[in-house]
Amino acid sequence: MAVIPKIIKTCEKFNMEIKDAILLLHPILAVIVVFPLIGIIVNRAFLVRQRRLETVGTGKSKVPPVVGKEHVQIGRWLTNSVVGIVLIAFGNVIFSNIIDKQVWSKSPFQVIFIGILFVATITSLYLLYQAKSPTWRGIFATLSGIGLVVLGCQDGVFRQTDKWYISHYYYGELSTLIMIFSVAILPDIYKDKTNRWRRVHIILNCLALLLFIGQGITGSQALLEISLAWQKPYIKMLYKQKCRTQICTVQAPSLSPLPKLE
Ligand code: HEM
Ligand code: HEM
């Protein structure tokens, strides 16, 4: 528990509140963990493909066989970390909404259900790694996917359905589902002599790569739009008074007490 005063001190040092620090956890992990893993996995993907095509064509390749193993190992890490950062983002927005709107006192079962969903999603992903038969892999992949989709439907998640084609949420959900699917079909890629699953994997993961690039862009934009906790009442005033299209005055709290905005 001695860690909490330390976190508070660090927040004070960077002039921000705990809320801001929690919000930053998701982008920090995306930048430090997820994107470097994407870099490594793409490099290994090219090598795996080069090795396979050279071996088929000439019977030998200078690329060492270990690249396949490395691609799969990093693939598992990537899947775990992408699911992890998505759950962190969902946790932040959903539980902030629960606290702000006092959902616990109005419908405690909804809060318990959300808590169970988080646990069930993580457990299903864990069981997906343990499952050997295609049926169980299919079941646990579907369950963890359903968990993520149902969590994404909860209040507080900023979905931007009207602008789904540039939505950080939709890109994030789809790319995460593709990662889970890649883990589910992993043994089939090796078993299938016709390379059908391999082709499915390549097409889906090239799409996932584009979505990840989109996540870098839309995520940075989201950070720009989400203000620091102390700035939020002012930003709300800017929108309320339509300051983008007309002249307006937003007063500092030292000059006038902050209006209580819903
Ligand atoms: C952005 C993510 C990913 C991209 C762009 C990607 C792309 C590729 C490509 C291009 C290949 C080579 C196919 C060929 O032989 O022609 C490959 C192979 C493979 N990938 Fe991925 N992949 C990604 C993520 C994953 C994940 C998450 C997993 C599962 C954990 C995975 C599992 C595999 C397996 C098992 C192979 C076959 C390896 C071998 O032949 O030794 N990939 N991938
Ligand atoms: C693999 C990459 C990423 C995935 C899969 C991902 C996924 C998600 C998802 C599903 C959400 C919840 C939807 C919402 O409430 O908006 C979210 C929220 C968010 N993401 Fe990302 N994201 C990724 C990378 C990034 C990056 C690189 C940044 C910034 C540099 C970023 C910044 C944000 C912000 C600011 C939010 C707002 C939600 C909050 O309050 O925590 N994301 N992300």
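## Two loop glutamines

Gln 160 is partly exposed, with 15 other C-beta atoms within 10 Å. The scale runs on C-beta atoms placed from the backbone: 20 or more others within 10 Å make a residue buried, 12 or fewer exposed, and counts in between partly exposed. Gln 160 lies in the loop between helix 6 (134-152) and helix 7. Its phi is near 55 degrees, a positive value in a residue other than glycine. Most residues other than glycine have a negative phi.

Gln 102 also has a positive phi, near 50 degrees. This residue sits in the loop between helix 3 and helix 4 (103-106). Gln 102 is exposed, with 8 other C-beta atoms within 10 Å.

## Model and numbering

This is a predicted model: local features need pLDDT of at least 70, side-chain atom pairs count only at pLDDT 80 or more, and totals for chains, interfaces and linings use all residues. Residues are numbered from 1 along each chain as its sequence is written, while chains are lettered from A and ligands numbered from 1 in the order in which they are written. Helices are DSSP runs (H or I, at least four residues), numbered from the N terminus.

## Helix 2 against helix 3

Helix 2 and helix 3 pack at an angle of about 160 degrees, with axes 8 Å apart. The axes are lines fitted to C-alpha atoms over the stretch in contact, and angles run from 0 to 180 degrees between N-to-C directions. The two helices are therefore roughly antiparallel (the term covers angles over 145 degrees).

Helix 2 passes helix 3 in a left-handed crossing (the near helix is turned anticlockwise from the far one by less than a right angle). Their contact has 22 nonpolar, six polar and three charged residues. Nonpolar covers Ala, Val, Leu, Ile, Met, Phe, Trp, Tyr, Cys and Pro; charged covers Asp, Glu, Lys and Arg; the others, Gly among them, are polar.

## Shell of ligand 1

Around ligand 1 there are 26 residues (C-beta atom, placed from the backbone, within 6 Å). Ala 45, Arg 49, Gly 68, Gly 75 and Asn 205 come nearest. Helix 2, helix 3, helix 7, helix 8 (186-191) and helix 9 give two or more residues each. The shell has 15 nonpolar, seven polar and four charged residues.

## Shell of ligand 2

Ligand 2 has 29 residues around it. Pro 27, Ala 30, Ala 89, Gly 172 and Gly 219 come nearest. Helix 2 (18-58), helix 3 (66-100), helix 7 (168-184) and helix 9 (196-225) each supply at least two. By class, this shell has 18 nonpolar, ten polar and one charged residues.

Note on methods: Parallel < 35°, antiparallel > 145°, perpendicular 65-115°, else oblique.
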